[in-house]
Amino acid sequence: MTDAGSRTHAPAEGTGRQEAGFTDRLRREYIDLRNSMLSDKQLATLSRIPRWFRGPSIVWFLLRGLFLKLTPTRRVVLIIGVVMASVQISFDHVKWDLNGLGILLILFVLMLELKDKLLATTELEDGHAIQRALLPQQSPVVPGWELWLFTRSANEVGGDLVDFFPVGKGRYALAVGDVAGKGLKAALLTAKLQATLRALAPDAQSLAGLAARVNTIFCRDGLPQMFSSLVYAEIAARGSSVRLINAGHIPPLVIRRGGVSQLDKGGPALGLMPKTKFKELRFTLRRHDLVAFYSDGVTEARNESLEFFGEERLRDLLSRTGSLSPALIGEQLLREVDAFRGEARAHDDLTFLLLKRA
């Protein structure tokens, strides 16, 4: 990852690289527009039609999608503006040129949309700042363990949870979750999940009981068709065992000298069924063993050809880098996922937590 001070700039002499940079940025903007406005079904349709017919089809899909996102009133104003900007009216040998008024109406609709976007962007930026403030340290210090946490939302705010907090004397909790959906609604439920865990975990008698209580709260207060997966674990300072509960999340991967293995699947996701029983899993890590918790934004990262990064690439990377520190492994993982995705737009939040026995 780079910060503002390490960004590179095109050289002052010559324009070739500057023009290439502008072209690349324009291309990225187009790819982002296409992938955000077109559905998976439309993208699949484009891949099946002749190449020479794809351009007009993309233009049609984009214009139709943009038009349908307008409010009914703005659609009417836009149609009137387009008609007035493209025709002339003749009456009693007098021509009425309404092009200028039509263009003003189109610009009026664009300004209304821009106003909405600026307002929404400001609110989302505030939400993003709050989410960042709620995140734990990237490399928490626990005697006998090494940790590295990372999350990056696909949009301004995300629906993934990564958390670390103490739950008692020498005991620490780790959590990775994924709320169904994206955007502000998922972000709000993620904040609720984090707050619920932090409130209940210190007094929980068992991890199975903790998951059951959180599930009851989500069923009671949640929205229809909204649920969350969660993998929650606890470790002790200078210990070697991990207690874990999995509620519908991708089973973590354990990297040992013998290879990479996957933990058992857990129970259903939170918020699906009010009376659900969960089973606690307990296992021991030897020195230098590693556990990788992650969201599906890692394995389901897609490139421009709509290929998935996949679990096989993830396992291979963890096998190659398992001897490194969690921070170095995490940074390498992030680089490889970003390199694989290329210029394609991120479709899901990217979250992982690496835990290693020191």
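This report covers a helix pair and a salt-bridge network in a predicted model.

Residues are numbered from 1 along each chain as its sequence is written, and side-chain values use heavy atoms, with hydrogens and water left out. Because the model is predicted, local features need pLDDT of at least 70 and side-chain atom pairs count only at pLDDT 80 or more, while totals for chains, interfaces and linings use all residues.

**The helix pair**

Helices (H or I, at least four residues) and strands (E, at least two) are DSSP runs, numbered from the N terminus. Helix α6 spans residues 183–200 and helix α7 spans residues 207–221; their axes come within 11 Å and cross at roughly 140°. Axes here are lines fitted to C-alpha atoms, for helices over the stretch in contact, and angles run from 0 to 180 degrees between N-to-C directions. The two helices α6 and α7 are therefore oblique to each other. Angles under 35 degrees count as roughly parallel, over 145 as roughly antiparallel, 65 to 115 as roughly perpendicular and the rest as oblique.

On the α6 side, the contact (heavy atoms within 4.5 Å) is made by L189, K192, L193, T196, L197 and L200, which meet L210, R213, V214, I217, F218 and D221 in α7. By class, this contact has 8 nonpolar, 1 polar and 3 charged residues. Ala, Val, Leu, Ile, Met, Phe, Trp, Tyr, Cys and Pro count as nonpolar, Asp, Glu, Lys and Arg as charged, and the others, Gly among them, as polar.

**The salt bridges**

The structure holds 16 salt bridges, each a side-chain nitrogen of Lys or Arg within 4 Å of a carboxyl oxygen of Asp or Glu. The table gives three of them.

| Pair | Distance, N to O |
|---|---|
| R171 and E234 | 2.9 Å |
| E234 and R243 | 3.3 Å |
| E280 and R243 | 3.0 Å |

R171 lies in strand β6 (residues 171–179) and E234 in strand β7 (residues 228–236), so their pair ties together parts that are 63 residues apart in sequence. E280 lies in the loop between β10 (259–262) and β11 (281–284), and R243 in strand β8 (residues 241–247), so this pair ties together parts that are 37 residues apart in sequence. Salt bridges that share partners join R171, E234, R243, E280 and R282 into one network.

Buried means under 20% relative accessible area, exposed over 50%, and partly exposed in between (1.4 Å probe, protein chains only). E234 is buried at 5% relative accessibility, and R243 is buried at 18%. R171 is partly exposed at 28%, and E280 is partly exposed at 25%.
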